[in-house]
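This report goes through the packing, the sheet, the cores and the confidence of one model. The structure comes before the text.

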Amino acid sequence: MSKRPLPPPRTGPAPATGETAVPGPAAAGRVPVARGPVARAVDGLTGRAIAAAAARAAAPGGLRFTERQLYYETCRVLSPGAALLRRLPGTPAPVLRLPVFTRALEAYGRENVPGLLPPPPVPRLRADPGTADPAGKPERPGAAEPDLYDYGLPRLLLCQDRATAGMLLANHVHLEAACPVFAAADALPLDPRLLAALQRAEGATVYVLHDASTTGAALPALVRSGLGPAPGVRVVSLGLVPRHAAALRLPAGRGPAPGRAALAALPAALRTREADWLAGGRFAELAAVPPDRLVRTVLRLTRGPRPPRDSLWSGLRGLRGTGFMTWPAA
């Protein structure tokens, strides 16, 4: 794998591209600098690739997507030969540097990209009763809908990245899967009423969606410990893990090597090669998964087995059993 660095994986409410985005000319009072013809040509080529990537990311059905997802889709547009290597596992380096993409997107205009979601908003702060801290704490999810906790909750989805949670909500995954979607940073520790709703439903499941990184791999265990004594509630990791990233040929980066505490928190179910991959500082972001594939996978894994589809013969058997030539009794 190439050692071209990617920005470190996001572990909380960081914006989609804010950690490595190149500041614009207005930032810090900088004076615009004239760019040469080569740089303008690169920006123009990247802008055309962004337009093609946006159309691919929104298909099918006009999906909404984040800026980070658009970045990885642009990398796939600029490397057409990667489609021929899909069956070969690996984690190649991205063909486009993130600052170059950010600069080209600013020149192209974010408002000109249909389907692009704005950065996720910072959660509002609520006053914490019993403390003197005026800033308070982040408002718990579901505070505006208190009746959410009056019923049994069979499943819940927690995302490591707030932008990913916003993307799934924007595409109505929570409605189709009948599964509330929260960002882990906003939902942990779980509200006692939300935990009671999970316990009220027999066999409830908390799904965790995370990056293939040391922080992401340790998130399911963190969620499990945060639940406390919650009989009947299980925690299931949906990935990513390094073998998923290699099977999907997701672009990966390399950051600082994790410390001993981070390595000790890795789940024991990881294979030796995966643990060594993470120990080298490598990571792959969930945003690198194509948006349509991410939505399909989340729906398939969260809503469980689908009921059998009615066929012509089953319909005829049902009509024969109910007497379709007779009038209803009431």
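On the H4 side the contact is made by Thr 164, Met 167 and Leu 168, and on the H12 side by Pro 291, Leu 294 and Val 295.

## The sheet

An open sheet is formed by 4 strands in the order S4-S3-S5-S6, with parallel pairing. S4 (181–183) and S6 (234–239) are the edge strands; each has a single partner strand, so one side of each lacks a neighbour in the sheet. On average, neighbouring strands of this sheet are turned by 25 degrees against each other, direction ignored.

Strand S3 (residues 155–159) is joined to S4 by 3 bridges, and the two run parallel. S3 also pairs with S5 in the parallel sense, over 5 bridges. Leu 157 stands opposite Val 181 in S4 and opposite Tyr 207 in S5. S5 is in turn joined to S6 by 5 bridges, again in parallel; Leu 209 has Gly 239 of S6 as its bridge partner.

## Helices on the sheet and the cover of S5

Which strands does helix H12 lie across? Helix H12 (residues 291–302) lies across S3, S5 and S6, and runs at about 160 degrees to S5. Helix H4 (residues 162–170) also packs on the sheet, where it touches S3, S4 and S5 (205–209); the direction of H4 makes about 160 degrees with that of S4.

S5 is mostly covered, with 5 of its 5 residues buried. In a regular strand, side chains alternate between the two faces of the sheet. For S5, Thr 205, Tyr 207 and Leu 209 are on one side, Val 206 and Val 208 are on the other, and all of these are buried.

## Nonpolar cores

The largest nonpolar core has 52 residues. Phe 65, Leu 70, Phe 101, Val 113, Leu 157, Leu 168 and Leu 209 have the most contacts inside this core. Not counting residues up to four places away in sequence, Val 113 touches Ile 50, Ala 54, Phe 65, Leu 70, Leu 105 and Tyr 108. A second, separate core has 20 residues, among them Leu 190, Leu 194, Ala 197 and Leu 227. In soluble globular proteins, nonpolar side chains tend to be buried together.

## A buried loop residue

Is Val 233 buried or exposed? Val 233 is found in the loop between helix H8 (214–227) and S6. With a relative accessible area of 13%, Val 233 falls under the 20% limit and so counts as buried. Beyond its neighbours within four places in sequence, Val 233 is in contact with Leu 198, Gln 199, Ala 204, Val 206 and Leu 227. Val 233 and Arg 155 are 78 residues apart in sequence, and their C-alpha atoms are 9.2 Å apart in space.

## Confidence

The mean pLDDT of the protein is 79, and 69% of the residues reach 70 or more. Over residues 126–136 the pLDDT stays under 50, and the model has 10 contacts beyond four places in sequence for this stretch. Residues 321–330 also stay under 50, with 1 contact beyond four places in sequence. Where pLDDT is low, the predicted coordinates should not be read in detail.

Terms used: Residues are numbered from 1 along each chain as its sequence is written. This is a predicted model: local features need pLDDT of at least 70, side-chain atom pairs count only at pLDDT 80 or more; totals for chains, interfaces and linings use all residues. Side-chain values use heavy atoms; hydrogens and water are left out. Two strands pair if DSSP finds at least two bridges between them. Axes are lines fitted to C-alpha atoms, for helices over the stretch in contact, and angles run from 0 to 180 degrees between N-to-C directions. Contact means heavy atoms within 4.5 Å. pLDDT is the predictor's confidence in each residue, from 0 to 100. A nonpolar core is a set of buried Ala, Val, Leu, Ile, Met, Phe, Trp, Tyr and Cys residues joined through side-chain atoms within 4.5 Å. Buried means under 20% relative accessible area, exposed over 50%, partly exposed in between (1.4 Å probe, protein chains only).
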